[in-house]
Structures are given as C-alpha cells and as structure tokens.
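Q: I'm new to this one and would like a close look at a single part of it. Could you start with a patch on the surface and then walk me through what else is there?

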Amino acid sequence: MARTRPEPMQVVKQRRDGALRALIDGVPYIRFLNISFDRRGNELTGVLNFDEKLIGNPFLPAIHGGVTAAFLEVTAVITLSWEHMFSEIESGEIDAEAIVTDENIRFPKTIDFTVDYLRSGLPRDAYARAFVNRAGRRYASVRVEAWQDNHAKLFAQATGHFLMPQPARDKG
C-alpha cells in the first residue's frame, strides 16, 4: 500500500499564516493598536508595535495602562482561538477566508481578566505570550506575560477566564 506524500512545508506555512492573518484582520481594534503576531510553529508571540498614540503619561513617558491590558487580552484571545482551531486549520477543514466569513466560527468570550502592572511600559515595542492553563469544551484559563527588552523582566502579566465557543446548531 502506498503512503500518501506529506504536503510541502511551504503549503503548510501558507495555510497557517493565512489563518493567523484572518484571525487578526477580523478584529479592527487589533489593527488600531497595531498589534501583530510572530508565529513559530504553533507558538504565537504578540507584538505591540510602538506608536506615540499609545502613551498614557507623556511626562514619564509610559504606555497607557488600558493599552497594556488590551494588548494582554488580545494576545490571550488570539492564542486561545489559535490553539482551539489549530487541528482544524492543519487538516484543512477550516480555510483562512472561512475564519472571518463563516458564521459557525466563534471566538472565546472573556469572563474575567485580571492585570498585574509590574512596572511602567517604556516607549518601545512590547511582546506578550499567552499560556493556556486549561481549555475545556466550555471554559478556558489563560496566563499572559508581557515584556519589552528582556523576557525575564516582565512589565505586566495577566490571568483570564474565557467562555469557549460552542458549535452552532443546525438551522433547519
């Protein structure tokens, strides 16, 4: 029996990158804050690209606390969505365009989100990585860490709980 040949890596990378781009482009606030994601395999790192509009205190200057919280929450939701859909993206069940157009695809909803501000966010790029502690059918718990120049020196961290999307019921 002949084994099927695996897909070329370029095809797999294009599918993953297209799906991630579709996830991000589906949320206008992500574009407004100029958040991007660096993908290595199935691991995502959020990047808050610095812009003067993100400054909350011009005398320090420091990134606004609301921007920091939004950055952490966006990183948590996108990472959770990515992990939730990854197997379907890998198998080709979900097409990149379907992520934003298919009404059956839903994103996790925030139940609560607690941010710890550890130090001022400096006027430069920031990075965040989310770690899914638990992801069940109905509920997920996520921890997020944010840093700037040195990953060992976090400027903020957060924990969040999310209501996982339920499959859409057939309308008929």
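**A patch on the surface, and beyond**

A: Let's start on the outside: Ile-111, Tyr-139 and Leu-163 make up a nonpolar surface patch, and together they have about 270 Å² of accessible area. Keep in mind that this is a predicted model. Ile-111 sits in strand E5, which covers residues 109-117.

Now for the charged pairs. The structure has five salt bridges, and here are some of them.

Take Asp-17 and Arg-39, which form a salt bridge whose closest N and O atoms are 2.8 Å apart. Asp-17 belongs to helix H1 (residues 9-25) and Arg-39 to strand E1 (residues 35-40), so this pair ties together parts that are 22 residues apart in sequence. Asp-17 is partly exposed, because its relative accessibility is 28%. Arg-39 is buried, with a relative accessible area of 11%.

Another salt bridge joins Glu-43 and Arg-129, and there the closest N and O atoms are 3.9 Å apart. Glu-43 lies in strand E2 (residues 43-48), while Arg-129 lies in strand E6 (residues 126-135), so the pair links parts that are 86 residues apart in sequence. With 40% relative accessibility, Glu-43 counts as partly exposed. Arg-129 has 18%, so Arg-129 counts as buried, the cut-off being under 20%.

Then there's Arg-143 with Glu-145: their side chains meet in a salt bridge at 2.8 Å, N to O. Arg-143 is partly exposed at 32% relative accessible area, and Glu-145 is buried at 16%.

As a general point, nonpolar side chains in soluble globular proteins tend to be buried together.

Back at the patch where we began, Ile-111, Tyr-139 and Leu-163 are nonpolar too, but they form their patch on the surface.

How values were computed: Residues are numbered from 1 along each chain as its sequence is written. This is a predicted model: local features need pLDDT of at least 70, side-chain atom pairs count only at pLDDT 80 or more; totals for chains, interfaces and linings use all residues. Side-chain values use heavy atoms; hydrogens and water are left out. Patches are made of residues with over 30% relative accessible area and no salt bridge: like charges are joined within 9 Å, nonpolar side chains (Val, Leu, Ile, Met, Phe, Trp, Tyr) within 5 Å. Accessible areas come from the Shrake-Rupley method with a 1.4 Å probe; for residues, only the protein chains shown count as cover. A salt bridge is a side-chain nitrogen of Lys or Arg within 4 Å of a carboxyl oxygen of Asp or Glu. Helices (H or I, at least four residues) and strands (E, at least two) are DSSP runs, numbered from the N terminus. Buried means under 20% relative accessible area, exposed over 50%, partly exposed in between (1.4 Å probe, protein chains only).
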